[in-house]
Amino acid sequence: MASIVCEPETTLAMHTVGAAAKVVGVSAKAIRIWEAKGLLPLAARTEAGYRLFSDDDIAILRFILRARTLGLTLPEIKDILDLHRRGTAPCDQVTRLLDQHISDIDRAIADLQALRASLAAALKAARSDRRRGRTATVCRIIESTDDTAAQAAAGEP
């Protein structure tokens, strides 16, 4: 018959950086970086110097990963975690950050759509020139005096 060993409730599961990385689904290097940037409290250490992470640390790591997936930067995530650690609900901050990220994405989509339109127009003009027998030294698309496509490709206004 198997014996049942009861451990005191004060015993917390501790994970090495490699085990924590595996549980969360990130690299050990990412965890070290996040710790160094202050997103995590400094990890407990074994006598041999190995980092040990608690289940609470694992929850923070999962939060960081979800926030990164949403496009938040490490400084933004640190600000959210700092607010939480001070006892302030960071929901308003998160909402503002997500609104800003959505605006940034919308702006990037508009820029890409403008670039696509410029490229399509340049390609159409080049194909039309080619059908008419007009030749270019290199390629009419690149040689065009209309710099719209080149500016859009370079990310210039």
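This is a predicted model: local features need pLDDT of at least 70, side-chain atom pairs count only at pLDDT 80 or more; totals for chains, interfaces and linings use all residues.

Biologist: How many bridges pair strand 2 with strand 3, and in which sense?

Modeller: Two bridges, and the pairing is antiparallel. Ala-44 has Leu-52 of strand 3 as its bridge partner.

Biologist: And what is the strand order in the sheet?

Modeller: The order is 1-3-2, in an open sheet of three strands with antiparallel pairing. Strand 1 (14-16) and strand 2 (44-45) stand at the edges. Each has a single partner strand, so one side of each is left without a neighbour in the sheet.

Biologist: What holds strands together in general?

Modeller: Strands of a sheet pair through backbone hydrogen bonds, parallel or antiparallel.

Biologist: OK. How many bridges join strand 1 to strand 3?

Modeller: Three, with the two strands running antiparallel. His-15 stands opposite Phe-53 in strand 3. Thr-16 has Leu-52 of strand 3 as its bridge partner.

Biologist: Which strands does helix 3 lie across?

Modeller: Strand 1 and strand 3. Helix 3 runs at about 85° to strand 3.

Biologist: Switching to helix 2. Which residues are buried there?

Modeller: Ala-28, Ala-30, Ile-31, Trp-34 and Glu-35. They cover an arc of only 160° around the axis, which puts them on the same side of helix 2.

Biologist: Why would residues spaced along a helix point the same way?

Modeller: An α-helix has 3.6 residues a turn, so residues three or four places apart point the same way.

Biologist: What does the buried side of helix 2 pack against?

Modeller: Four elements: helix 1 (17-24), strand 3, helix 3 (55-69) and helix 4.

Biologist: And which exposed residues are on the face turned away?

Modeller: Lys-29 and Ala-36. Gly-38 follows helix 2, and its phi is positive, near 85°.

Biologist: How do helix 1 and helix 2 cross?

Modeller: At roughly 105°, with their axes coming within 8 Å. That makes helix 1 roughly perpendicular to helix 2. On the helix 1 side, Val-17, Ala-20 and Ala-21 make the contact. Helix 2 contributes Ala-28, Ile-31 and Arg-32.

Biologist: There's a Glu on your buried list for helix 2. How accessible is Glu-35?

Modeller: Its relative accessibility is 5%, so Glu-35 counts as buried.

Biologist: What does Glu-35 form a salt bridge with?

Modeller: Arg-51. The closest N and O atoms are 2.5 Å apart. Arg-51 lies in strand 3 (residues 51-54) and Glu-35 in helix 2 (residues 28-36), so the pair ties together parts that are 16 residues apart in sequence.

Biologist: How many salt bridges are there in total?

Modeller: Four, taking a nitrogen-to-oxygen cut-off of within 4 Å.

Biologist: Which residues are linked in a network?

Modeller: Lys-78, Asp-82 and Arg-85. For Arg-85 and Asp-82, the closest N and O atoms are 3.5 Å apart. Both are in helix 4 (residues 74-85), three residues apart, so about one helical turn separates them.

Biologist: Last one: His-101. Where is it found?

Modeller: His-101 is also in helix 5. With 16% relative accessibility, His-101 counts as buried. The cut-off for buried is under 20%.

Biologist: What is His-101 in contact with, beyond its sequence neighbours?

Modeller: Gly-71, Leu-72 and Glu-76, once neighbours within four places in sequence are left aside.

Conventions. Residues are numbered from 1 along each chain as its sequence is written. Side-chain values use heavy atoms; hydrogens and water are left out. A salt bridge is a side-chain nitrogen of Lys or Arg within 4 Å of a carboxyl oxygen of Asp or Glu. Buried means under 20% relative accessible area, exposed over 50%, partly exposed in between (1.4 Å probe, protein chains only). The arc is that of the directions from the helix axis to the C-beta atoms. Contact means heavy atoms within 4.5 Å. Two strands pair if DSSP finds at least two bridges between them. Axes are lines fitted to C-alpha atoms, for helices over the stretch in contact, and angles run from 0 to 180 degrees between N-to-C directions. Angles under 35 degrees count as roughly parallel, over 145 as roughly antiparallel, 65 to 115 as roughly perpendicular and the rest as oblique.
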